[in-house]
Amino acid sequence: MTNPMTTHGSGAGIELAHEIAAEEVETMLVPRQHLLDLDDLSVADITDLLDSAEGMLEIASRDNHKTPALRGKTIITMFFENSTRTRVSFEQAGKILGADVINVTASASSVSKGESLLNTVKTLQAMSIDALVVRHPHSGAPYFITNHTDASVVNAGDGTHAHPTQSLLDLFTVRNHVGDLVGKKVAIVGDVLYSRVARSDIIAFQKMGAEVVVSCPNTLLPDEWQWDSTLGSETGFAGLRLAANVDEAVDSADVVMALRIQQERQDSGHLPSLREYSDRWGINSKRMELANDGALLMHPGPMNEGVEIASDVAHGFQSVVEEQVRNGVAVRMAVLYTLCAPGKSARIGGGDASNGEETKS
């Protein structure tokens with residue numbers, strides 16, 4: 001799916017609002033309307049966001065971390081799927097920046113009465129909101145929403161398609177430890193078929209020059225991918241290497257990403273048992289010994305400890321899982337500021353993932 005997110009102007013950036021001193025966030029970001037995916041972001045675009053997140057992390061770490069940078073802006077988080085980390089971090093990010101943040105869940109909205117996604121969005125649009133952060137079980141729903149609102153839309157996870165802010169925070173976390181990602185080996189292990197994080201992380205790490213190796217059970221591999229091969233451009237993941245053996249994937253890796261088994265998205269029959277999955281594919285201390293010294297262990301959360309990741313490594317010295325959560329606030333601050341800050345109101349881009357057809361929530 002092509003991301004309609006487009007840039008406006010050069011990468012030189014623009015001035016921050018006067019409430020945030022220039023030295024706090026050194027890299028200025030170009031105006032954008034939406035963040036839907038990472039497909040068409042350049043290395044410079046991603047680097048700008050990560051550099052901005054460095055300043056945002058410093059702001060979020062202060063004892064008094066409130067700033068009026070987005071004072072007067074209204075951000076709505078609209079989640080049609082359960083979430084803890086993503087929803088709370090977007091809420092915290094918006095509030096630190098001084099925005100009014102309103103949380104909407106499907107179970108507590110008119111969606112539970114049968115209201116369509118289209119009518120829900122039109123209702124919110126009538127309230128003059130500035131940004132809509134949306135998570136939806138249907139791939140493409142955020143793209144559909146962009147056709148029916150003037151607000152900025154941030155994809156907080158759509159079906160099995162994409163989760164761009166998770167991938168940005170993963171990049172940010174790794175960069176803070178290893179610096180330049182060019183030539184680094186990133187092993188992604190687990191439920192690739194249903195994981196929107198896997199798809200976005202593959203795109204993100206490849207764009208930044210890392211070698212990405214994927215390993216998972218046969219039943220959790222996309223049909224068009226072939227084992228023990230390097231994917232071509234026709235797949236959309238040119239250069240991605242597949243390894244049928246998890247030990248081969250982890251061997252000499254600088255980063256090991258264990259993916260959650262997404263039982264809520266799977267039909268029966270994908271796995272013989274969770275115990276067998278853990279034995280054959282779970283990331284444990286023995287497998288981490290195959291990785292490079294100092295390799296990072298990551299997980300997008302929530303973790304199924306004892307299944308895709310052993311408890312001792314999940315909370316061990318190589319784990320940066322909690323750091324990922326902390327960095328998620330800074331990265332989402334950078335995203336919201338980029339979209340909503342005063343003086344950044346040029347509206348460009350758009351997108352249509354539904355060919356004009358109404359998506360039912």
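Helices (H or I, at least four residues) and strands (E, at least two) are DSSP runs, numbered from the N terminus. The model is a predicted one, in which local features need pLDDT of at least 70 and side-chain atom pairs count only at pLDDT 80 or more, while totals for chains, interfaces and linings use all residues. Residues are numbered from 1 along each chain as its sequence is written, and side-chain values use heavy atoms, with hydrogens and water left out.

The description starts with the sheet. Four strands form an open sheet in the order β2-β1-β3-β4, with parallel pairing; two strands count as paired if DSSP finds at least two bridges between them. Because β2 (100-105) and β4 (152-158) each have a single partner strand, they stand at the edges, and one side of each is left without a neighbour in the sheet. From one strand to the next the twist averages 15°.

The pairings can be followed across the sheet. Strand β1 (residues 74-79) is joined to β2 by six bridges in the parallel sense. Here Met78 is opposite Val104 in β2, and Thr77 is opposite Asn103 in β2. Thr77 also stands opposite Val133 in β3, within a parallel pairing of β1 and β3 that has five bridges. Val133 in turn has Val154 as its bridge partner in β4, and the parallel pairing of β3 with β4 has five bridges.

Between β3 and β4 the chain passes through helix α4 (residues 141-146), in a right-handed β-α-β crossover. Such a crossover is called right-handed if, with the strands pointing away from the viewer, the path from the first strand over the helix to the second runs clockwise. Another right-handed β-α-β unit consists of β1, helix α2 (residues 85-96) and β2.

Strand β3 is mostly covered, with six of its six residues buried, that is, under 20% relative accessible area (1.4 Å probe, protein chains only). In a regular strand the side chains alternate between the two faces of the sheet. From β3, Ala131, Val133 and Arg135 point one way, and Leu132, Val134 and His136 point the other way.

Next come the helices. Helix α11 (residues 321-340) lies across β1, β3 (131-136) and β4, and runs at about 150° to β4. Angles run from 0 to 180 degrees between N-to-C directions, and axes are lines fitted to C-alpha atoms, for helices over the stretch in contact; contact means heavy atoms within 4.5 Å.

Helix α1 (residues 43-60) packs on α11 at an angle of about 115°, with the axes 8 Å apart. The residues of this contact divide into 12 nonpolar, three polar and one charged. In this division Ala, Val, Leu, Ile, Met, Phe, Trp, Tyr, Cys and Pro count as nonpolar, Asp, Glu, Lys and Arg as charged, and the others, Gly among them, as polar.

Helix α5 (residues 164-178) also meets α11: their axes come within 8 Å and cross at roughly 115°. Among the residues that make this contact are Leu168, Leu169 and Phe172 of α5 and Val331 and Val335 of α11. The contact of α5 with α11 divides into five nonpolar, eight polar and three charged residues.

Notes: Buried < 20%, exposed > 50% of the residue type's maximum accessible area, 1.4 Å probe, protein only.
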